Amino acid sequence: MQDPEQVILQTRKWITEVVAGCNFCPFVAKELKQHSIHYQVETAIDLARSLQSFLDECRRLDEIPSIETSLLIFSTGFKKFDDYLELAELAEKLLKKEKYEGIYQVASFHPLYIFAGAPPEDAANYTNRSVYPMLHLLREASVEQALLKYPHPEKIPDRNILFARTKGLAHMKMLRDACL
């Protein structure tokens, strides 16, 4: 089992050097600067415990308004992308069940992330290929506010895909792997 602090350092490096460095999320630099990202490592490999940890992160955001966003990092479990997709789907359902829909939203990141319909070797997959499987909880109201101030936010995914494909698979893999 990896040291949780090491997992957080690697994840923070990925957020800083890949997500912010490649401008995949034009809003993350502010959160990095304000230290408003919470990193939580979960070592459980079972769905029930992992979903409870997800719910705990929702409650943490309820209780601590200075945390803008939370990354629930699965350092041990969900290595297989299909297993992770099941977790992500259940987390979305849990948001609805617990009446968090419209309050928080979830973004998905995984080391083997593949967009629907994309081949595994598409460099664009690296826009969501993280150092560990993780669920990213964001405050819905903050996302909406940020999008209002950003010109053409609907173009962000296309811009990211173009960037990753222009850099190429080897470059994107090297960037991500350098964080480990």
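Analyst: Start with a definition. Helices are DSSP runs of H or I with at least four residues, and strands are runs of E with at least two, numbered from the N terminus. Keep in mind that this is a predicted model. Read along the sequence, the chain runs α-α-β-α-β-α-β-β-α-α-α. That comes to seven helices and four strands.

User: What makes the radius of gyration of the chain agree with a compact globule?

Analyst: Set the value against the rule. A compact globule with 180 residues would have a radius of gyration near 16 Å, and the chain has 16 Å, so the two agree. Along its principal axes, the C-alpha trace spans about 40 × 40 × 30 Å.

User: Which share of the chain's residues is buried?

Analyst: Buried means under 20% relative accessible area. Of the 180 residues, 45% are buried. The accessible surface comes to about 9,700 Å², and 57% of that belongs to carbon and sulfur atoms.

User: Why is Pro119 called partly exposed?

Analyst: Pro119 has 38% relative accessibility, so it counts as partly exposed. Pro119 sits in the loop between β3 and β4. Leaving out residues up to four places away in sequence, Pro119 touches Ile114 and Asn125.

User: Is His35 buried or exposed, and how do you know?

Analyst: Exposed means over 50%. His35 has a relative accessible area of 71%, so His35 is exposed. Its place is the loop between α2 and β1 (37–42). His35 also has a positive phi of about 55°, although it is not a glycine.

User: What about Lys99: buried or exposed?

Analyst: The relative accessible area of Lys99 is 66%, so Lys99 is exposed. Lys99 is in the loop between α4 (81–97) and β3. Phi of Lys99 is near 65°, a positive value in a residue other than glycine.

User: How much space lies in the largest pocket, and which residues are closest to its centre?

Analyst: The largest pocket holds about 1,200 Å³ of space. It is lined by 38 residues, and the closest to its centre are Phe24, Cys25, Pro26, Phe27 and Leu138. α5 gives the most to the lining, with six residues.

User: How do the lining residues divide into nonpolar, polar and charged?

Analyst: Asp, Glu, Lys and Arg count as charged, and Gly is among the polar ones. By that sorting, the lining has 22 nonpolar, eleven polar and five charged residues.

How values were computed: Residues are numbered from 1 along each chain as its sequence is written. This is a predicted model: local features need pLDDT of at least 70, side-chain atom pairs count only at pLDDT 80 or more; totals for chains, interfaces and linings use all residues. Side-chain values use heavy atoms; hydrogens and water are left out. On a 1 Å grid over the protein atoms alone, a cavity is a set of points where a 1.4 Å probe fits but cannot get out, and a pocket is an open set with protein on both sides within 12 Å along at least five of seven lines; lining residues have an atom within 4 Å of a point. Grid points are joined across faces, edges and corners, and a volume is the space filled by probe spheres set on the points. The radius of gyration is taken over C-alpha atoms; the globule rule is 2.2 Å times the number of residues to the power 0.38. Buried means under 20% relative accessible area, exposed over 50%, partly exposed in between (1.4 Å probe, protein chains only). Accessible areas come from the Shrake-Rupley method with a 1.4 Å probe; for residues, only the protein chains shown count as cover. Contact means heavy atoms within 4.5 Å.
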